[in-house]
Amino acid sequence: MKKKIWLLCAALLAGLAAVWIWIGKGREESGEKEKHAIRLGILLYRGDDTFISNVRQALEEQAKAYEQETGIKVVLNIEDAKENQNTQNSQAERMISLGYDALCVNLVDRSMASVMIDKAMVADVPIVFFNREPVEEDLNLWEKLYYVGVSAKESAVLQGEIVVEAYRKNPLSIDLNGDGKVNYVLLEGETSHQDSLIRTEWSVQTLMDGGVPLEKLTGGIANWERSQASAFMEQWLEEFPGQIELVISNNDDMALGAVDAVQRLQITDPIHIVGIDGTPQGISALERGSLLGTVQCDRTEYAEAIITIAAALALGEEPKEKIGLEDKIYYWVGQKAMFCK
Ligand code: BGC
């Protein structure tokens with residue numbers, strides 16, 4: 001009798017073990033193998049870009065927050081391409097060959113995404129692009145490609161509205177010499193970047209729609225950089241003495257470059273300068289009164305969106321079940337206008 005009970009128990013245990021193995025196998029086959037850690041590769045076009053280095057810091061913070069919330073360890077490997085697309089392609093290739101679960105890519109050249117996408121597709125490594133938007137044709141090459149960014153048009157309209165509001169309150173605070181037109185100069189980002197062209201167009205359009213009588217003195221491409229913008233502004237201040245009333249800049253760093261030039265030349269006219277990004281550096285200039293305004297994008301939300309989408313893809317989950325997406329693959333980060341008080 002005892003022997004029979006033992007045999008029955010052994011058979012029952014063997015049965016249970018078989019069922020357990022079978023369930024596990026089924027899960028593995030359907031890609032549901034439970035993961036306790038994910039490896040994400042972060043590829044930056046240029047690590048010393050102020051906006052990008054702020055996003056990088058926020059990504060590290062959000063990866064930690066995700067770990068705490070889910071108990072899933074997130075290993076981030078961050079690489080700087082130093083503005084070289086070939087370098088970035090090799091960095092991506094290496095991460096793909098090392099079996100990274102997903103890549104988060106800030107492209108050097110937004111028209112060159114397909115090389116990387118081809119490699120990622122073969123190895124089934126999803127990509128979340130950010131800040132430098134690949135052309136639509138490339139984003140449609142595969143269903144595991146996403147984009148996180150800010151709407152360039154929205155940033156520009158908000159930037160334009162800052163000036164419109166100040167002008168409506170007191171036209172002479174912007175049209176400094178009261179001649180019925182606002183003489184402005186324009187600082188633009190890289191020509192190849194989707195944000196430069198759209199921001200310029202919509203910022204100027206918003207000012208005109210808002211009834212600000214504009215007159216362009218000159219403009220230049222300062223490639224998002226403070227030092228290049230500062231050199232331009234210094235030259236313009238000498239070329240147009242006492243004439244510049246407004247500086248429209250595609251980002252905060254270039255706006256700060258304009259501030260540097262004004263200070264260096266000890267100009268006392270209250271020239272108004274507006275930026276976009278709301279970097280900590282931009283905000284503190286705003287608080288000091290050196291900028292009239294900026295448009296702040298929510299960095300925490302930016303990084304949280306990238307990590308949420310990348311982690312979902314890494315775990316074989318559907319990103320759209322974790323976060324609201326537009327046209328299935330786009331996430332647009334919120335932004336707000338910030339005024340000098
Ligand atoms: C930001 C710039 C930044 C650039 C880098 C833009 O969206 O406004 O500050 O330099 O992206 O790609």
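**Notebook: loops, rings and a helix pair**

I began with Asp-124, which I found in the loop between helix 4 (113–123) and strand 4 (127–130). Helices (H or I, at least four residues) and strands (E, at least two) are DSSP runs, numbered from the N terminus. The model is a predicted one, in which local features need pLDDT of at least 70, side-chain atom pairs count only at pLDDT 80 or more, and totals for chains, interfaces and linings use all residues. Residues are numbered from 1 along each chain as its sequence is written, and side-chain values use heavy atoms, with hydrogens and water left out.

**Entry 1: backbone at two aspartates**

I looked up phi for Asp-124 and noted a positive value of about 60°, although the residue is not a glycine. Most residues other than glycine have a negative phi. Asp-124 counts as partly exposed at 42% relative accessibility; buried means under 20% relative accessible area, exposed over 50%, and partly exposed in between (1.4 Å probe, protein chains only).

I then turned to Asp-277, in the loop between strand 9 (272–274) and helix 11 (280–288). Its phi is also positive, about 130°, and Asp-277 is not a glycine. At 9% relative accessibility, Asp-277 is buried.

**Entry 2: aromatic pairs**

How many aromatic pairs does the structure hold? I recorded five. Rings of Phe, Tyr and Trp (its six-membered ring) pair if their centres lie within 6.5 Å; planes under 30 degrees apart count as stacked, over 60 as edge-to-face and the rest as tilted. One of the pairs is Phe-232 with Trp-236, stacked at 5.2 Å centre to centre with 20° between the planes. Because they are four residues apart in helix 9 (residues 226–239), Phe-232 and Trp-236 are separated by about one helical turn. I noted Phe-232 as partly exposed, with a relative accessible area of 22%, and Trp-236 as buried, at 2%.

Tyr-330 and Trp-332 form another stacked pair, with 5.6 Å centre to centre and 5° between the planes. Tyr-330 is buried at 10% relative accessibility, whereas Trp-332 is partly exposed at 27%. Tyr-330 and Trp-332 also belong, with Tyr-147, to one aromatic cluster.

**Entry 3: charges over rings**

I next looked up arginines placed over rings. A charge sits over a ring if NZ of Lys or CZ of Arg is within 6 Å of the ring centre and within 35 degrees of the ring normal. The charged end of Arg-39 sits over the ring of Tyr-100, 4.6 Å from its centre. For Arg-132 over the ring of Tyr-45, I noted 3.7 Å from the centre.

**Entry 4: helix 6 against helix 8**

Helix 6 (residues 152–169) packs with helix 8 (residues 194–209) at an angle of about 35°, and their axes are 7 Å apart. Axes are lines fitted to C-alpha atoms, for helices over the stretch in contact, and angles run from 0 to 180 degrees between N-to-C directions. Residues in the contact (heavy atoms within 4.5 Å) include Ala-156, Val-163 and Val-164 of helix 6 and Ile-198, Trp-202 and Leu-207 of helix 8.

**Entry 5: Thr-70**

I located Thr-70 in helix 2 (residues 50–70). Thr-70 is partly exposed, with a relative accessible area of 36%. The C-alpha atoms of Thr-70 and His-36 are separated by 9.4 Å, the two residues being 34 residues apart along the chain.
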